[in-house]
Amino acid sequence: MKIKKDFILRKVADSYVVVPVGKLTLDFNGIINLNETGAFLFGLLQEGAEKEDLLRKMLEEYDVTPEKAAADIDVFLKKAEEADVLE
């Protein structure tokens, strides 16, 4: 899985936002707000991480159970698909 190249992640004050760049700004009107965990997952997806990679990295980074991490990743991926940011 990978984030489309026309979306970038930026930290603004204490928040993380995803904004479109280039030609995509004509089709995508708005921004996506992420929490710290969402920004972490987004960054991994920009590098082409697969679901198993996301789970492994999340368990390394955060004090969370495998079941909770997997459920959170599923929610994040569903929302990313709905926002049409995945290739």
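A: Confidence is expressed as pLDDT, the predictor's confidence in each residue on a scale from 0 to 100. This is a predicted model, in which local features need pLDDT of at least 70, side-chain atom pairs count only at pLDDT 80 or more, and totals for chains, interfaces and linings use all residues. Residues are numbered from 1 along each chain as its sequence is written, and side-chain values use heavy atoms, with hydrogens and water left out.

The protein has an average pLDDT of 90, and 92% of the residues score at least 70. Confidence is highest in helix H3 (residues 51-61), with a mean of 97, and lowest in helix H1 (residues 24-27), with a mean of 62; helices (H or I, at least four residues) and strands (E, at least two) are DSSP runs numbered from the N terminus.

A nonpolar core is a set of buried Ala, Val, Leu, Ile, Met, Phe, Trp, Tyr and Cys residues joined through side-chain atoms within 4.5 Å, where buried means under 20% relative accessible area, exposed over 50% and partly exposed in between (1.4 Å probe, protein chains only). The largest such core has 21 residues, and Leu-54 is one of those that touch the most other members. Strand E1 (7-12), strand E3 (32-34), helix H2 (36-46), H3 and helix H4 (66-82) each supply at least two residues of this core. Leaving aside residues up to four places away in sequence, Leu-54 touches Leu-41, Leu-44, Leu-45, Ala-49, Ile-73 and Leu-77, contact being heavy atoms within 4.5 Å.
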